[in-house]
Every structure is written in structure tokens, then in C-alpha cells.
Amino acid sequence: MSSERTNPTAGFWDERTGWKTLKQVLLLEPLPGGSRWAAAFGSLLLFAFLVQVVTGILLAMNYAPSEKTAWESVKAIQTEAPLGALIRAVHHWGSSAMVVLLLIHLVQVYVWGAYKRPRELTWMVGVLLLFCTLGMAFTGYLLPWDQKAYWATKVGLGIASTVPFVGDGTRTLLQGGNQIGNLTLTRFFAIHGFILPGLIIGLVVVHLYLFRRHGVTPPWWRTAPQLKADEEPFWPKQALKDGVFALLFLIGLGLWAYFRPAPLGEQSNPSELYEARPEWYFMFLFKLLSYFKGPYEVVGTFVLPVLFVLILFFWPFLDRIWDRSPHMNPVRRPVAMGLLTLGTAGLIGLTIFAVATDVRMQVPAQAAAKEPAPPEPAGPIQRMDVPGLYAVHCQACHGVDGSGDAVRASMKTIPDFTSLEWQTAHPEVEIAHRIMTGDPPLMPAFKDKLTQPQNLALAIYVRAFSVEPGKATPAQPGQGPPPAPIAKQEPAEQMYRDLRCLGCHDRDGRGGVVRMAMPEIPDFTNAKWQSEHPDAELEKAIVEGKGKFMPPVKDKLDKEDLDKLVAVVRSFKGAAVVVKDEPKEPPKPPPDVTVPPPPLKEPGPAAEERAAQIRAASVVFRQYCVNCHGPDGKGALLKAAMPKIPDFTDRAWQDSHPIPQLRAVIRNGKELMPAFDDTRVSDDQLNGLLAYVRAFAPGAGPAAEAPTAPDDFEQQYRRLQAEWDALQKQMDELSKTPKGP
């Protein structure tokens with residue numbers, strides 16, 4: 001009465017909430033025998049669950065459960081969210097810690113005989129809590145959506161499907177269909193974040209109620225008078241011991257999580273098989289499964305696990321079969337302790353054996369037989385969404401059809417991907433290099449915007465816009481003649497370079513470099529030759545080709561383009577003109593074209609020098625070599641006229657021709673091949689050209705050893721990837737060698 005007068009607020013709250021009674025129940029419960037460190041494990045387990053709840057809520061705030069966003073959101077948590085990596089690691093390792101604490105608490109309760117009458121239901125609720133915790137671990141496994149998560153979940157659901165009568169329905173219900181996908185993620189997320197935590201909270205409330213109703217199990221070695229004499233309330237000593245355990249647990253878990261971040265593998269890919277390793281607390285089960293094959297699989301997947309669960313759940317009643325006494329002393333319960341010893345040794349032994357033999361998770365054969373046929377493995381074009389990359393980064397200028405006609409009026413030098421001449425004049429390595437380094441100021445560099453595989457895939461995709469050499473496009477019924485060619489709107493000298501005239505006729509039009517191989521090649525500087533060949537004859541030769549080596553350009557040039565080329569030929573008369581190998585100054589952007597800003601991350605000097613070397617090499621190869629050797633280096637088009645022309649893609653040929661020999665052949669010429677002295681090809685250009693030739697036949701390596709691709713795109717992609725890697729390696733090696741011949 002006096003306390004209520006001095007503190008009227010206390011009486012106000014107690015009258016309305018009964019907090020004094022609650023305090024009496026929660027904090028002042030008498031503990032027979034006093035406080036004990038051994039009694040702190042149950043409280044520690046509850047604290048560990050609260051840590052999981054708090055960290056789980058924080059993770060859920062940044063998690064997006066769908067096939068396209070799950071892995072990315074987890075990666076963002078790991079790398080971008082403040083303290084995200086630590087919080088995820090605490091949650092990840094905290095689940096294992098909860099399993100450890102549950103097993104310790106289970107063994108402790110078993111040894112102390114705390115399952116005996118009248119505490120049978122307390123034990124049974126605790127067993128349910130154990131399996132709910134394992135269910136939380138299993139459902140949380142899938143949420144990162146990496147390879148291990150996907151395949152481990154697939155195996156787990158396969159095991160569930162072996163349950164007689166209801167197995168297939170259970171797997172379909174959890175998966176949300178025949179395959180793991182979006183519905184599987186959302187259902188597992190709902191089970192992991194809502195259903196199982198709700199069940200655990202409800203079971204914890206029941207467990208605590210039963211625990212308080214029957215009281216703490218007293219030590220078996222003390223008599224009732226001793227326990228009564230040392231009795232004390234839960235507060236403050238036992239609460240302090242619980243707090244010390246909780247603090248040590250939090251510090252230990254935090255340090256472990258800080259130094260051991262939660263793993264995150266590659267994003268899940270159903271088309272790439274992955275042998276997942278189970279978590280340590282499931283290893284014994286998968287080792288057990290390895291002993292049952294064929295029709296006996298169900299024994300390991302269903303019969304034995306269910307038998308174990310039933311024995312564990314109903315143990316308080318089974319124990320009475322051979323021990324009806326109320327004694328809790330382990331020494332007086334030999335059967336129970338013997339079974340505990342055998343069970344513990346078996347589980348630990350199987351787990352150690354599983355770790356030693358590196359056991360892997362495998363879908364049971366019965367479950368695999370019921371699964372639908374796996375989808376066809378996705379190739380690079382599907383995995384990287386190459387059409388989408390082209391639509392986002394290229395289509396605005398090059399157009400849907402790759403012709404670039406929509407912007408040709410303002411970008412006169414934009415290539416026409418549908419042009420067979422352009423395609424055959426540009427090797428894929430050069431196309432990939434142009435995509436990566438750009439062509440300033442109109443075309444930006446993409447090496448800092450896209451990954452190297454994406455850039456290489458785009459280079460292959462560009463090939464799809466033109467019909468392959470030797471394959472004609474069939475005429476469709478009802479269609480008229482093909483449309484007239486659109487003017488290239490390029491300078492005459494640029495057309496001379498693009499159509500590979502420079503390679504044979506040379507910069508001065510004399511054709512002296514290849515005259516030994518092609519005696520019939522004309523000398524454009526000769527006034528007599530010029531007077532004997534009218535414009536109509538020159539146009540016909542350009543359009544239809546002439547002799548063995550001059551290819552036709554029919555339907556690729558309009559009248560205006562032909563007039564320009566004829567004018568170039570005429571300009572050589574009297575050695576009045578010399579065409580440059582490559583324009584020294586890049587074209588100026590027209591005023592109506594917006595030039596994208598350069599990337600924020602500028603390449604270093606080494607990267608810029610490498611880009612310049614590769615570009616110079618690609619120009620030299622295109623202007624002097626591609627006519628005979630072809631864009632793929634095989635020389636197939638001129639094999640009939642030049643039987644000895646080498647195939648650069650032939651590894652045996654590459655191995656038999658070392659770099660010094662190739663350097664000498666290029667400088668001095670050989671049979672039909674003209675000489676290219678340092679007045680035509682500098683030492684730096686020669687080194688780049690040698691690397692270019694080497695790249696056509698990359699050595700054995702990961703890319704070269706890849707299995708045969710299922711489609712043409714993937715074959716070309718892998719070949720280009722190997723050539724690109726080889727080119728970089730050759731540039732590195734040749735940059736260290738002397739530049740002399």
C-alpha cells in the first residue's frame with residue numbers, strides 16, 4: 001500500500017496489465033538447486049533463433065524472390081548494402097549454429113532424463129522444433145539461387161518425391177510445377193520467411209509453457225532437501241548466466257561471420273550440371289543413401305528416416321518398455337544410454353566418412369526417372385541475350401537489318417553489315433576489336449560497358465546480317481527483282497580501301513607488289529593502258545570481276561559508286577596520286593549526330609597501345625592479305641588458283657613455321673606471295689600482323705578443348721574467343737622480341 005502511494009504509476013500499470021504477476025512468472029520462478037550453467041542452453045537456443053529472425057528480416061528487406069532477381073539481389077546485399085555481407089554471414093552461419101545448439105540441448109535433455117513423466121509432451125514439442133529448424137535450413141538453401149542452391153534443392157525435392165503415394169504431389173506442390181523456377185522460389189521464400197517461423201514461434205510458446213508448468217529438471221545427484229535448501233529465483237543469477245552465454249555466442253558468431261563470409265556461387269543454370277555437396281548436418285543422410293540402389297532406394301530415402309523420426313518423437317513412451325522407473329540417473333538407464341551412444345557414434349561416423357569420401361548430392365534414380373526431359377542447354381546467344389544487346393547498343397545506328405541506311409546520310413562511313421564485300425574484308429577478330437575499342441568519334445568503345453564474352457558474341461552476331469559466301473538467297477515467289485544498290489556515300493579513296501583494291505593494285509596503282517604472282521595485273525599509271533580501256537570496260541570489270549583473282553561486286557555498288565572508283569583508277573595516270581593506307585584523322589561527326597560521351601574509366605597507356613597495335617594489324621591484314629587468305633585465314637577461295645596457299649587455321653602448319661620464318665617470308669616474299677619491306681609494312685605493323693596470323697590457330701587451352709558446340713553460333717563464338725585470347729597472348733610475346741627481321 002505504501003509503495004502504491006509513493007509511486008501511483010506502478011499501481012496504475014499493474015491494475016491494467018498485471019505486470020507484477022508477469023514479472024513473478026517470468027523472472028522470479030524458483031529454481032530447485034539454484035542457478036546452473038547447464039540450464040543456459042535452452043535460453044541460448046532461443047536467443048540464437050531471435051538472431052536469425054532479426055537478420056532474416058534485414059535480408060528480406062533487400063531480397064527479390066524471382067529467377068531473374070534473386071541471385072542479383074543477394075549479390076547486391078553481399079557487395080553493396082551497408083553491413084550486408086556481415087548480416088548475411090551471421091544469418092548463414094547462425095543456421096548451422098542453431099542446429100548445433102539443438103543437438104546439444106537434445107542430448108542434454110536425453111541424458112538428464114528430462115523426457116520422463118510428466119515431461120513427455122515437452123520432449124515431443126522439442127523434437128518438432130528440431131525438424132522445423134532443419135526445414136528452415138532446407139528452404140533457405142534455395143534462396144541465394146546459385147548453382148549449389150539450385151541443385152541441392154533439386155536433389156532434396158527428388159528425395160521427397162520417393163515418399164509412397166504422396167511424394168510426387170509433395171514435390172509438385174513445393175516446386176509449383178514440373179521444374180524448379182519462379183514459383184519454387186516464391187513458395188520456398190514464403191515457407192522460410194513466414195510459415196516455418198510462425199510454427200516455430202507457436203511451438204516455442206507451447207514448449208515454454210510446458211517447461212514452466214513442470215519446472216526445471218533437477219540434478220539427479222542431489223536430494224530433495226538439498227535442492228530445496230539451495231533454491232533461488234531465476235533473476236538475477238540464472239539470468240546473468242544466460243546473458244553471458246548469449247554474449248559469448250554473439251561475439252563468437254560475429255567474429256566467425258566477419259572472417260568467413262557466406263559463400264555465393266555462380267548464378268543457377270539448369271543446363272549446366274553441378275554436383276552439390278550437402279551441408280554437414282545432412283551428410284550422414286546422403287552417405288546412407290549411397291548404400292541403397294535401385295528398388296531399395298526408398299529404404300534410404302523414406303523407410304529409415306521415417307523410422308528414426310518416429311522413434312525420436314515417441315521415445316518417452318518407448319523408453320517405458322524396458323525402464324518404468326522414474327530414475328533420471330544415466331547409470332541406472334543402461335538401455336537408453338547404450339542406444340544414445342550407438343546412435344551418436346553412427347551419425348558422427350557417417351558424417352566423418354561422408355566428408356572423407358567427398359560425398360555428393362544425387363537425385364534418386366526413381367525420382368530422376370519421373371522427371372521431364374531436361375531443357376536443351378542454352379548457348380551463348382541465349383545466355384547473353386545477344387539480340388537484346390544489339391537492340392540496346394547497336395540498333396539505333398546500324399538499324400534492325402544491320403544496313404545502317406537510316407543514318408547513312410549523316411554517318412557516311414557507317415558499315416553495311418549486309419554487304420558481302422564488307423563481311424569478307426573484315427575478319428571476326430577485327431570486328432571484335434572495333435566493338436571493344438570503338439571507332440571515335442562516332443562509335444564508342446564497349447569494353448568498359450560490356451563484358452568480353454558479350455563483345456565477342458556481338459562480333460559473331462554481326463555475321464548473321466550477310467549471306468555466307470557461296471550461298472545465294474533464294475528468290476521468293478511473287479517477288480520482283482532485288483532493289484537497286486544504295487549509294488555508299490563514301491569518299492572515293494575509302495571505297496578503294498574497303499573493296500580491297502589496295503591489296504593488289506597497291507597505293508600507287510602500279511600493282512608491282514603482286515606482279516610476280518599476277519603477271520596480268522594492270523599498271524594504272526601507264527598512259528597507254530589508260531587510253532586502251534574506256535570507262536565502260538572498267539565498270540564492267542569492277543561489277544563482274546575479271547580473271548582468277550578479281551572478285552565481282554555486282555549489286556553492291558550503284559552508278560555513282562562506280563563512277564567514283566573509275567575516277568580513282570583514272571587519277572593514277574602519270575603517278576599523280578598515292579592512296580593512303582588508312583586515314584590519319586578520324587572523320588568529324590556531323591552536326592546533327594549526338595556523339596556519346598566517353599566512358600568514365602579511361603584505359604591506361606598499355607591498353608591504348610595494345611588497341612592501336614591490334615587496329616594497325618587488322619588494317620594491314622585487310623588491305624594486303626585478306627584478298628588471298630580470306631577473312632578466316634584459310635585461303636579457301638583461291639585454293640584452286642594457288643594450291644600452295646597456306647591454311648592459317650591449321651595447327652600443324654603453324655607449328656612448322658616459327659615466327660622468324662614467317663617474318664622472313666613476309667619481308668622477302670615467297671613464290672606467288674609478294675615482298676613487304678619496311679617501306680610498306682613497318683616493324684611494329686609486322687609484329688602485329690604476325691600475332692594476327694598466329695591467332696587463326698590458337699593453341700590448346702580451355703577454349704580450344706571445349707566440347708563440340710551444338711549450333712553454328714556457339715562454334716563460331718568459341719572459335720573467336722580462342723582466337724582473341726591467342727591474339728592477346730601473341731601480342732604480349734612479340735612485344736618482347738627484337739623488331740628486326
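Predicted model: local features only at pLDDT ≥ 70, side-chain atom pairs only at ≥ 80, totals over all residues.

Residues are numbered from 1 along each chain as its sequence is written, and side-chain values use heavy atoms, with hydrogens and water left out.

The protein chain holds 33 helices and 2 strands; these are DSSP runs numbered from the N terminus, helices being H or I of at least four residues and strands E of at least two. Of its 741 residues, 43% are buried, where buried means under 20% relative accessible area, exposed over 50% and partly exposed in between, with a 1.4 Å probe and protein chains only. Contact means heavy atoms within 4.5 Å. Among contacts between residues at least 6 apart in sequence, 75% join residues at least 24 apart.

I turn to the helix pair. Helix 4 (residues 41–60) packs against helix 12 (residues 234–259) at an angle of about 45°, and their axes are 9 Å apart. Axes are lines fitted to C-alpha atoms, for helices over the stretch in contact, and angles run from 0 to 180 degrees between N-to-C directions. Helix 4 and helix 12 are therefore oblique to each other; angles under 35 degrees count as roughly parallel, over 145 as roughly antiparallel, 65 to 115 as roughly perpendicular and the rest as oblique. From helix 4, Phe41, Ser43, Leu44, Phe47, Ala48 and Val51 meet Asp242, Phe245, Ala246, Phe249, Leu250 and Leu253 of helix 12.

Helix 12 also contains Pro236, which a cis peptide bond joins to Trp235, with omega about 10°.

Next, which residues of helix 31 are buried? In this helix (residues 659–668), they are Ile659, Leu662, Arg663, Ile666 and Arg667. Seen down the axis, these buried residues fall within an arc of 130°, so they line one face of helix 31; the arc is that of the directions from the helix axis to the C-beta atoms. Pro660 and Asn668 are exposed on the other side of helix 31.

Finally, two residues other than glycine have positive phi. Trp145, with phi near 60°, is buried at 3% relative accessibility. Phe165, with phi of about 75°, is exposed, at a relative accessible area of 89%.
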